[in-house]
Amino acid sequence: MKKIDVKKHVLVPKHVKLSEKEKEEVLRQYNARFEDFPRILKKDAALQGINVKYGDLIKIVRKSPTARETVFYRVVVLS
Amino acid sequence: MILTLLRYTCRDCSRILLPTARIEQYCDRLKRLGKDKGPDVMRKKLKDIITASKSSGKCPHCKAKQKKIMLEKPSTFFEDDKRISPIEIRSRFEKLNDGDIELFGLNPAAVRPEWMILTVLPIPPVTMRPSITLETGERSEDDLTHKLGDIVRINQRLFENINAGAPEIIVEDLWDLLQYHITTFFDNDVAQLPPARHRSGQPLKTLSERIKSKEGRIRHNLTGKRTNFSARTVISPDPMLGLSEVGVPDIMAMKLTVPERVTEWNINYLKEFVRKGPKSYPGANYVVRPDGKKKKLTDDTVEASVEELQPGYIVERHLMDGDIAMFNRQPSLHRMSMMCHSVRVLPCKTLRLNPAVCFPYNADFDGDEMNLHIPQTEEARAEAELLTLVGTQMISPRYGLSVIGCIQDAISGNYILSRNDFSMSKSEAIDLLASVGVIDVSKLPKKDTVSGKEIFSVLLPDDFSFSGRSRSREEPDVVIKSGRLVSGVMDKNNLGEGSGLLLRNLHKKYGRQFALDVLGKMFKLGIAVLMKRGFTTALSDTDLPQEAKLQIQGVFQRAEQDVTELVAQYNSGRLDILPGRTLRETLELKILEVLNKARDETGKIVAMNVESYSHTVVMAISGARGTPLNLAQMAGCVGQQALRGKRIENGYNGRTLSCFRRDDLSPEARGFIKSSFKSGLKPAEFFFQSVVGRDALMDTALRTPKSGYLYRRLANALQDLKVEYDETVRDSGGRIVQFVYGEDGIDVSKSEGGVLNIKRVVSEVLEK
């Protein structure tokens with residue numbers, strides 16, 4: 001069967017892994033521990049092909065009906 | 001919990017079934033998990049770790065062989081196939097060490113696991129289980145007492161049997177029975193046990209039932225209570241009341257009281273109330289002395305109380321005009337379901353409210369009842385007024401538009417008034433405006449006849465400009481320039497609740513009190529116009545000229561021919577099948593299409609031929625009530641009755657009613673109603689309408705409780721989410737839910753319909 005790359009689907013927003021420095025920046029901006037962030041599974045389909053590990057911060061840029069484009073962050077968890 | 005502890009600790013040395021090295025390895029992670037997600041998650045994780053590292057059923061500390069432990073619910077434990085007695089379990093728990101207990105999510109400083117096994121049964125005091133003496137002198141004991149009686153009886157029998165050296169089976173049976181009674185003493189609906197019953201067969205109400213669920217202590221008596229200083233009756237409309245007023249029946253006002261403290265300055269004023277006593281209005285019901293003694297006023301005590309009254313006393317006087325009251329209608333889904341009104345004491349026996357505030361309460365007058373609460377302290381009154389006065393609730397936090405607006409007649413009236421063909425003499429106009437409470441009529445032009453638009457403009461402030469759209473096709477653009485309505489008609493789009501920006505802009509520019517005032521005046525003006533002009537719906541509104549009737553007949557004939565043709569195609573197999581459908585479904589879809597087209601066409605014919613400014617049409621196009629479709633149903637034809645998106649199919653074998661032939665696919669045999677409501681329905685047609693009507697009724701009746709529960713769950717889940725100062729939405733634990741509230745950070749209640757009008761903000765700044 002043909003393999004489908006979900007990341008290319010129109011409904012899958014862009015997922016970007018943040019560097020350690022950027023991550024610190026975001027954590028400071030929201031004055032929050034990374035446990036307080038929403039989570040994403042390491043085995044999430046949108047993260048396949050990106051090299052991520054536990055505790056990495058993923059930046060997701062979505063289309064939004066109210067704000068055109070919106071930034072969301074998720075922290076990678078194993079399970 | 002007991003099971004977990006038994007399973008994952010050694011049966012000999014009572015250590016946790018993990019090698020010391022592993023314990024250290026996981027200890028921190030588990031504790032952090034416990035702090036983050038609660039002890040349940042932590043325990044589950046611990047189980048996983050132990051199961052993963054189980055070394056062939058041997059204790060890593062003392063190498064003793066472990067046996068399999070099973071729980072036979074609710075309260076019997078087996079080790080392999082042998083029963084373990086509670087005594088045995090307790091003694092094992094006693095040996096557990098503190099460090100291990102912590103890993104199981106228990107705090108050893110506060111609790112020991114062996115406490116989970118009772119050695120003595122605490123007996124609640126009689127105040128918790130009072131006995132009732134019936135009129136016959138018979139005493140009836142509380143359910144708990146009965147249960148305790150059972151326990152004591154069985155315990156005694158067990159004691160005697162053990163002492164008498166009875167065989168083991170009997171002792172064991174009694175033991176189990178005692179366990180059963182003790183279990184049901186705490187919880188009478190344990191899944192595996194039959195509930196303990198009265199002799200009459202009704203289940204006993206034991207401890208857990210007292211606390212649990214809606215009728216339990218928590219939801220019934222602690223979170224919600226019955227309250228004093230409140231009232232409830234049927235509501236009815238009174239358009240002459242202000243928007244933030246509530247009409248209170250005089251008999252109610254004489255029962256509800258407001259406490260007022262006597263001072264040097266108001267003593268004479270309050271003495272008057274006391275003198276009037278409880279039976280004449282406005283009087284007082286109670287006098288409270290400074291030492292807190294409350295005295296009821298009766299005809300005999302009135303005189304003495306008047307004499308006694310001095311500063312420091314509190315008089316509980318009757319409710320009067322201008323007092324503050326909270327008004328509420330269930331279900332309170334909104335914050336607008338509970339608003340503060342000022343009291344107007346009126347004759348008769350219903351609570352009255354302005355029909356314009358029906359919408360936020362979702363009230364109508366078909367027998368609805370509402371509640372009234374009278375705040376008793378100065379603080380409560382201030383809080384109610386500042387936070388929940390009708391004006392403060394005007395703009396909905398859901399969509400940022402006014403939730404109160406003109407309804408029904410008020411919309412029709414304003415529509416007629418603002419239409420271009422409306423004019424009246426100036427003196428009549430002044431009369432009209434005076435009747436709604438507008439005294440300053442200097443804005444009217446100095447002419448003998450004035451137009452409706454000019455009359456309406458009097459209500460608007462001079463520096464108000466607005467542009468919007470109306471529903472009308474003739475004057476779609478509403479333009480207000482410096483307080484004058486230049487073009488456009490006033491209809492539901494501008495005046496109605498939850499639509500249009502006119503009210504929103506008035507509120508934004510001039511504040512809530514002003515917006516509310518103007519709205520009230522508009523409302524009254526609309527009604528006054530109708531009263532002056534006369535407004536009714538007549539049978540003749542649905543009259544059609546002869547040629548229109550013929551046209552409609554023609555439409556039906558063509559539709560019928562089309563359907564017969566389709567059926568013929570179907571029967572002969574010539575019908576083209578639509579993709580993804582069966583032949584039959586294709587036919588049904590095509591027929592439905594034809595019939596709907598026929599209905600729409602009749603609708604059009606009706607719309608074209610009916611008198612264009614008849615009152616029924618006015619109501620439909622102004623949005624006050626009814627739609628053009630309703631009119632078409634009255635004058636033209638009712639149309640196809642659809643049941644779950646299909647034509648009506650069920651009833652007899654292959655037909656809907658016994659008066660049709662089997663497999664008759666013609667429109668009239670499948671629920672098409674050719675008649676209009678005016679001409680009257682044929683028996684079969686009436687039946688079809690009833691079928692669909694009943695279905696719709698059942699549907700709403702079944703859906704309401706379901707959606708209510710859904711809403712309750714949603715509200716409970718979301719209730720402590722909060723927008724922090726950095727615009728993130730977080731829960732009570734500081735966990736982030738949204739990074740920017742609503743993804744755009746807009747406070748909807750401060751926006752205009754959910755968007756910010758940047759253009760206006762800029763132009764307003766530039767003007768300054």
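The model is predicted, so local features need pLDDT of at least 70 and side-chain atom pairs count only at pLDDT 80 or more, while totals for chains, interfaces and linings use all residues. Residues are numbered from 1 along each chain as its sequence is written, and chains are lettered from A and ligands numbered from 1 in the order in which they are written.

With chain A still selected, its C-alpha atoms fill a box of roughly 45 × 30 × 20 Å along the principal axes. Of its 79 residues, 14% count as buried, that is, with 20 or more other C-beta atoms within 10 Å of their own, C-beta atoms being placed from the backbone. Among contacts in chain A with a separation of 6 or more, 58% are between residues 24 or more positions apart, a contact being a pair of C-beta atoms, placed from the backbone, within 7 Å.

Next, show the two chains together: 11 residues of chain B are in contact with 13 residues of chain A. The chain B side of this contact divides into 3 nonpolar, 3 polar and 5 charged residues, where Ala, Val, Leu, Ile, Met, Phe, Trp, Tyr, Cys and Pro count as nonpolar, Asp, Glu, Lys and Arg as charged, and the others, Gly among them, as polar.

Now select residues 143-163 and 168-186 of chain B, which are helices α6 and α7; their axes come within 9 Å and cross at roughly 160°, the axes being lines fitted to C-alpha atoms over the stretch in contact, with angles from 0 to 180 degrees between N-to-C directions. This makes α6(B) roughly antiparallel to α7(B), a term for angles over 145 degrees. Residues making the contact include B:Ile151, B:Ile154 and B:Leu158 of α6(B) and B:Leu174, B:Leu178 and B:Phe185 of α7(B), and the residues of the contact divide into 12 nonpolar, 4 polar and 3 charged.

Finally, turn to the largest nonpolar core, of 99 residues, in which B:Val246, B:Cys406 and B:Leu519 are among those that touch the most other members; such a core joins buried Ala, Val, Leu, Ile, Met, Phe, Trp, Tyr and Cys residues through C-beta atoms within 7 Å. Its largest share, 9 residues, comes from helix α20 (residues 512-533) of chain B. Apart from this core lies another, of 18 residues, among them B:Cys10, B:Leu18, B:Phe93 and B:Leu103.

How values were computed. A residue is buried if 20 or more other C-beta atoms lie within 10 Å of its own, exposed if 12 or fewer, and partly exposed in between; C-beta atoms are placed from the backbone. Helices (H or I, at least four residues) and strands (E, at least two) are DSSP runs, numbered from the N terminus. Angles under 35 degrees count as roughly parallel, over 145 as roughly antiparallel, 65 to 115 as roughly perpendicular and the rest as oblique.
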